[in-house]
Amino acid sequence: MRRTFDDALRWSEAGTKLLLDATAGWGEEQYTAPSALPDWSRKHLVAHVAADADALSNLVHWAATGEETPMYSSPQQRNADIAAGATEPAAELAGWLRESTERLAFGMAGLNTEQWRAEVVTAQGRTVPATEIPWLRSREVCVHAVDLAAGVAFADLPLGFLAALADDVVTMRSSALGPAVVLTTTDTDDRWALPGEGAIAPVVGPLAEVTAYLVGRPHTLTKTDGSPAPALPAWL
Ligand code: ZN
């Protein structure tokens with residue numbers, strides 16, 4: 001693993017700033033416009049990101065006190081909260097996003113070395129040290145800043161973040177059935193292999209496009225012969 005705890009803290013702050021800057025001053029019209037995610041308005045997306053900050057604050061509380069406080073009470077509750085959030089007025093959502101973000105940052109700033117080492121459980125059921133919380137948050141704020149469809153692109157995200165995210169997704173995709181692909185970046189020295197079926201497809205492009213492709217977002221990648229990069233199966 002190439003990323004460090006300090007990297008993740010920095011990326012989490014950078015992604016948060018992108019999100020807050022992108023949504024600054026938005027009224028009903030901007031908030032009710034579609035996001036880049038299927039069936040989700042920007043209201044759904046912002047509710048999801050704010051709920052994630054609250055959920056991660058639960059993990060911070062767990063690490064700080066030892067009291068088991070899961071991210072969400074259940075997947076159903078998680079979805080219901082997003083649906084309810086999407087019906088809130090724009091000003092309410094903007095306030096929730098700002099306050100949940102501040103609460104999480106404040107909570108993380110209060111953890112000592114021993115508390116950061118405490119084990120917590122993610123929404124996917126993985127047991128991880130609390131030091132993973134900034135990375136979990138980085139992924140949410142950085143990728144969803146792009147999903148807002150408000151002018152932020154993968155190329156605006158830190159290169160180190162893009163590489164760390166690609167590392168993560170390649171690990172997760174390695175157990176899923178898909179086409180065999182070897183990805184080589186043109187602007188960094190990165191190379192990833194996705195094991196899979198059929199002849200290996202060689203795909204080349206900038207790191208930002210490679211990462212967008214891996215996480216299932218719109219991209220411009222082609223194979224080395226100029227034909228489209230093979231479609232990847234869903235991964236989450
Ligand atoms: Zn998310």
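**Exercise 1.** How many cavities of 30 Å³ or more does a search of the whole structure find? Work out what lines the largest cavity, too.

*Solution.* Keep in mind that this is a predicted model.
- Step 1: searching the whole structure turns up one cavity of 30 Å³ or more.
- Step 2: the largest cavity holds about 60 Å³ of space.

**Exercise 2.** Describe how helix H3 and helix H5 pack.

*Solution.* 
- Step 1: find H3 at residues 42-65 and H5 at residues 90-109.
- Step 2: their axes lie 9 Å apart, and the packing angle is about 25°.
- Step 3: angles under 35 degrees count as roughly parallel, so H3 and H5 are roughly parallel to each other.
- Step 4: for handedness, H3 passes H5 in a left-handed crossing.
- Step 5: look at who meets whom. Val46, Ala50 and Leu56 are among the H3 residues in the contact, and the H5 side includes Leu93, Trp96 and Leu104.

**Exercise 3.** Which residues lie nearest the centre of the second largest pocket?

*Solution.* 
- Step 1: this pocket has a volume of about 270 Å³.
- Step 2: its lining has 14 residues, and nearest the centre are Ser12, Glu13, Thr16, Ala105 and Met108.
- Step 3: helix H1 (5-23) and H5 are the elements giving two or more residues to the lining.
- Step 4: the lining residues come out as seven nonpolar, three polar and four charged.

Conventions
Residues numbered from 1 in each chain as written. Predicted model: local features only at pLDDT ≥ 70, side-chain atom pairs only at ≥ 80, totals over all residues. Heavy atoms only, no water. Axes fitted to C-alpha atoms, helices over the stretch in contact; angles between N-to-C directions. Helix = DSSP H or I, 4+ residues; strand = E, 2+ residues; numbered from the N terminus. Parallel < 35°, antiparallel > 145°, perpendicular 65-115°, else oblique. Left-handed = near helix turned anticlockwise from the far one by under 90°. Contact = heavy atoms within 4.5 Å. 1 Å grid on protein atoms, 1.4 Å probe; cavity = no way out; pocket = protein on both sides within 12 Å on 5 of 7 lines; lining within 4 Å. Points joined across faces, edges and corners; volume = space filled by probe spheres on them. Nonpolar A, V, L, I, M, F, W, Y, C, P; charged D, E, K, R; others polar.
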